[in-house]
Amino acid sequence: MARGTTKTNLASLIADVGDNSPVERHAPDRAPSSAPLADLVANPRNPRDDLGDLSDLESIAELQLQPALVVTRAAYLRLYPEDEHLLGHARWVVVNGCRRLAAAHLYGRVDLEFIVKDAVAESRPAMLAASITENVGRKGFDVIEEAKAVEALVAE
């Protein structure tokens, strides 16, 4: 590394959102809900441009192993009212689990299990941090997408 430069990684930026971040590190204690796929929409501001190959999620047609994390339409629109046209008639916006949602559509699942956590939509930086956290360790989240996510988080 060149003298006088510092290195910043995505994990430290997410941590800088603060201890007040509504993103929990552990699953909540309540059971997930489920809804028809038509009631759910993927986060229009997902930092991941390409969901990649979904074949590793083909089993979702029979069994969903992990619930998605969603916010209500109203909570999302408080942050991004300009996105209303992107939500269609969906009641919930998937913040973590956009690949699961896409795989559910692709492989014929009729519903998706999820946990509603509107606290994630407390602020734009908190919501973005939740989306980034989901994607950082995933295969196919390339450095360009990561750089765009960092830029968006810094801008917020």
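Guide: Helices, of at least four residues, and strands, of at least two, are DSSP runs numbered from the N terminus. In this predicted model, the protein has 6 helices and 5 strands.

Visitor: In what order do the elements of the protein run from the N terminus on?

Guide: The order is α-β-β-β-α-α-β-α-β-α-α.

Visitor: How much of the protein counts as buried, and what share of the accessible surface belongs to carbon and sulfur atoms?

Guide: Of the 156 residues, 40% count as buried. The accessible surface comes to about 9,000 Å², and carbon and sulfur atoms contribute 52% of that area. As for contacts with a separation of 6 or more, 85% are between residues 24 or more positions apart.

Visitor: In what order do the strands form the sheet?

Guide: The 5 strands make an open sheet in the order 1-5-3-4-2, with mixed pairing. At the edges stand strand 1 (33–36) and strand 2 (40–42), each of which pairs on one side only. From one strand to the next, the twist averages 50 degrees.

Visitor: In which sense do strand 1 and strand 5 pair?

Guide: Strand 1 and strand 5 (residues 111–116) pair in the antiparallel sense, over 4 bridges. Within this pairing, A35 stands opposite L112 in strand 5.

Visitor: Which strands does helix 4 touch as it packs on the sheet?

Guide: Helix 4 (residues 98–106) touches strand 2, strand 3 (68–72), strand 4 (92–96) and strand 5. The direction of helix 4 makes about 120 degrees with that of strand 4.

Visitor: How is a pair of aromatic rings described?

Guide: Two quantities describe such a pair: the distance of the centres and the angle of the planes. A search of the whole structure finds 2 aromatic pairs. In one of them, the rings of Y76 and Y80 have centres 5.2 Å apart and planes at 40 degrees. Planes under 30 degrees apart would count as stacked and those over 60 as edge-to-face, so the pair of Y76 and Y80 is tilted.

Visitor: Are Y76 and Y80 buried or exposed?

Guide: Buried means under 20% relative accessible area. Y76 has a value of 0% and is therefore buried; Y80, at 5%, is buried as well.

Visitor: What are the distance and angle for W92 and F114?

Guide: W92 and F114 form a tilted pair, with 4.8 Å centre to centre and 45 degrees between the planes. Because W92 lies in strand 4 and F114 in strand 5, this pair ties together parts that are 22 residues apart in sequence. W92 is buried, with a relative accessible area of 13%, and F114 counts as buried at 2%.

Note on methods:
Residues are numbered from 1 along each chain as its sequence is written. This is a predicted model: local features need pLDDT of at least 70, side-chain atom pairs count only at pLDDT 80 or more; totals for chains, interfaces and linings use all residues. Side-chain values use heavy atoms; hydrogens and water are left out. Buried means under 20% relative accessible area, exposed over 50%, partly exposed in between (1.4 Å probe, protein chains only). Contact means heavy atoms within 4.5 Å. Accessible areas come from the Shrake-Rupley method with a 1.4 Å probe; for residues, only the protein chains shown count as cover. Two strands pair if DSSP finds at least two bridges between them. Axes are lines fitted to C-alpha atoms, for helices over the stretch in contact, and angles run from 0 to 180 degrees between N-to-C directions. Rings of Phe, Tyr and Trp (its six-membered ring) pair if their centres lie within 6.5 Å; planes under 30 degrees apart count as stacked, over 60 as edge-to-face and the rest as tilted.
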